[in-house]
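Work through the exercises below with the sequence and the model side by side. Try each task before reading its solution.

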Amino acid sequence: MLAWHVSRYWPFIADDALISLRYAQRLTDGAGLTWTVGVPVEGYSNLLWVLGCAGLGALSVDLITAARVLGMAGMALALACVALFERPRDRAAYAGGALAAVHLALIGAIGVWAIGGLEQPLVAGLLALGLWLAQRLVEGADDARTWPASCALALLCLTRPDGAYLAALVGLGVILARGVSLPSMRVAMRLGVWPVVAVLGQLAFRLAYYGDWVPNTARAKLALSSARLEQGWDYVFEAGVWYWPLALLVLPALRRPTRAMALIVVPLVGWLAYVVFIGGDIFPGRRHMVPAVVCLALLGSVALTRGLRGPRDADTRRKLVSATLTTMLAMVAMGWQWRLTAQDPANHRAVEERWEWDGQVVGHLLGDAFRSEQPLVAADPAGCIPYFSELPALDLLGLNDRYLATHPPPDFGRGFLGHELGDGDYVWSQTPDLLLFCGPHGSDRGCFRSGHELRARPDFRAHYQLVTFEGREPYAVRSQVWVRRDGRVGVRTGSDGERHVPGFLLTGPGVVAALDAEGQIAAELPAGATAVLDLRGVDGSWSAALTSDVPLRAVVQQGRVVVFGGRRRAHVRAVVLTPR
């Protein structure tokens, strides 16, 4: 069921997932837990996920495939815990758990994020496992046997920083389910031993390696403001509109709640309050609802099992009626859930969002074209372009940049979550060689703060030129990239005074920068086309010669070089200017 549901969203991958995979990529390459060269910054919020992907990567597994494998495994673990949650296990327990697990597999957040590349599947699996193991403590198992649940919750803490909050909620749930007492508190304290060790251990690593108390992502996203609370409330309310059939499963047990239900309700309510506080999320598929729907499915497993068993002292007929009505409720709820899943606009976004794969085409092109020069690429899409190009990078949105994250704008917390940071002057001071605004297709104007401020600088066009690059593997994608003319991939001055200008700086109708037959970046001129090279910043009188695959004529006139195309397509790798 899960695999069938997942196929609806294939091959969706989140851009932020590629940020995490870039850390895994560099770790397997021996560059440490870093996103780019320079001072390390903790731009991920999923340590265990990054390490898991890197571990599979070290075994020669493609990292995107590794993330998908871990995603399916994590969601499968969550479904298994839902199916086996209720004890004692009899036919009713197996049937109730199976119905709840199938319903959970139909939830959009589960299907989308099983392959979305971020850590939600691991959160789902470890939370479900932790609650399943903690249930034995609620039922009166030997209090000394807390270590399995404690270890599961410790791994949850390493998966996400807010996993510590979920672990604390599970501990509180144990206390309330057992009854508030000193023995219950001692059990909760033993339950929290390994989570505390995990949190303190990661904090020590963070301070030693990154020199920071919190992940850089927290600085870049978290803000306490009325706008954030309003966004968070809307996020949770809208999720309820699309997920209400799952909550419907709990109805058979509302009259007589059990201690196991009390254990689950605390993390459910606490997590929903947290999601409101942080302002929800911007990704497809409502990823921050994954812990909530797992808790609802566990409640559904308990409720359906009770409904299938029927009242304790009832006769066979009444038990049969109860089991029939419970089964009908579960089937109707699943039917409605699948209908809503198919209509949910958050899921449609996952079906339609494929621009990260366009970023693969552009990233590979830039990497192949400039691997020897190692230019600094400043990009808004900080996942796909840096990951696929493997070039040094600057995150224009600040998730992976310490300065931007620690210097938020005055209106921080009132804009588009995760896209508010930026500082044109700071980015300018880093002298990036390539600037890619907005998405992988680029833009001449910019979409966010850094791009707007850079474009507003009076000296911007004196140093940067807009170039249209075209990658063609496995399909054609064009991207508008600002290239620094005096940067690592720009104009070079020889010892004899010659100027070597990259051919891809030629512009004209139909002219694109592409790889030629020998894998070198060049300006591609259609047959009969005319291309122009602007000689701004180059004073004096010059003659021009071309490095191209077919003979072409070049003329220097009025501060520019005009290149006249031939009868067939041509590739110009360089324009050599010689002083007269």
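A crossing of two helices is left-handed if the near helix is turned anticlockwise from the far one by less than a right angle, and right-handed if clockwise. The model is predicted, so local features need pLDDT of at least 70 and side-chain atom pairs count only at pLDDT 80 or more, while totals for chains, interfaces and linings use all residues. Residues are numbered from 1 along each chain as its sequence is written, and side-chain values use heavy atoms, with hydrogens and water left out.

**Exercise 1. The chain as a whole**

Task: State how many helices and strands the protein chain has, and what share of its residues is buried.

Solution. Helices (H or I, at least four residues) and strands (E, at least two) are DSSP runs, numbered from the N terminus. By that count the protein chain has 23 helices and 14 strands. Buried means under 20% relative accessible area, exposed over 50%, and partly exposed in between (1.4 Å probe, protein chains only). Of the 580 residues, 55% are buried. The C-alpha atoms fill a box of roughly 105 × 45 × 45 Å along the principal axes. Contact means heavy atoms within 4.5 Å. Among contacts with a separation of 6 or more, 72% join residues 24 or more positions apart.

**Exercise 2. Two partners of helix 15**

Task: Describe how helix 7 and helix 5 each pack on helix 15.

Solution. Two packed helices are described by the angle between their axes and the distance between the axes. Axes are lines fitted to C-alpha atoms, for helices over the stretch in contact, and angles run from 0 to 180 degrees between N-to-C directions.

Step 1: helix 7 (residues 120-138) and helix 15 (residues 290-309) cross at roughly 35°, and their axes come within 9 Å. The crossing of helix 7 with helix 15 is right-handed. On the helix 7 side the contact includes Val123, Leu127 and Leu131, and on the helix 15 side Val290, Pro291 and Cys295 are among the residues involved. For classes, Ala, Val, Leu, Ile, Met, Phe, Trp, Tyr, Cys and Pro count as nonpolar, Asp, Glu, Lys and Arg as charged, and the others, Gly among them, as polar. The contact of helix 7 with helix 15 has 10 nonpolar residues, 1 polar and no charged ones.

Step 2: helix 5 (residues 91-105) packs on helix 15 at an angle of about 145°, with the axes 8 Å apart. The crossing of helix 5 with helix 15 is also right-handed. Helix 5 contributes residues including Ala92, Gly96, Leu99 and Leu104, and helix 15 contributes Val293, Ser301, Leu308 and Arg309, among others. By class, the contact of helix 5 with helix 15 has 11 nonpolar, 5 polar and 1 charged residues.

**Exercise 3. Two residues in their surroundings**

Task: Is serine 450 buried or exposed, and what does its side chain reach?

Solution. Serine 450 lies in helix 22 (residues 449-456). Serine 450 counts as buried because its relative accessibility is 1%. Its side chain reaches the backbone nitrogen of aspartate 423 at 3.1 Å. Serine 450 and leucine 396 are 54 residues apart along the chain, yet their C-alpha atoms are separated by 6.3 Å.

Task: Is leucine 222 buried or partly exposed, and which residues does it contact?

Solution. Leucine 222 is in the loop between helix 12 (216-221) and helix 13 (226-248). Its relative accessibility is 40%, so leucine 222 counts as partly exposed. Leaving aside neighbours within four places in sequence, leucine 222 contacts Ile278 and Phe412.

Key:
A polar contact is a pair of N or O atoms within 3.5 Å; within protein, one must be able to donate a hydrogen and the other to accept it, and residues adjacent in sequence count only if both atoms are side-chain atoms.
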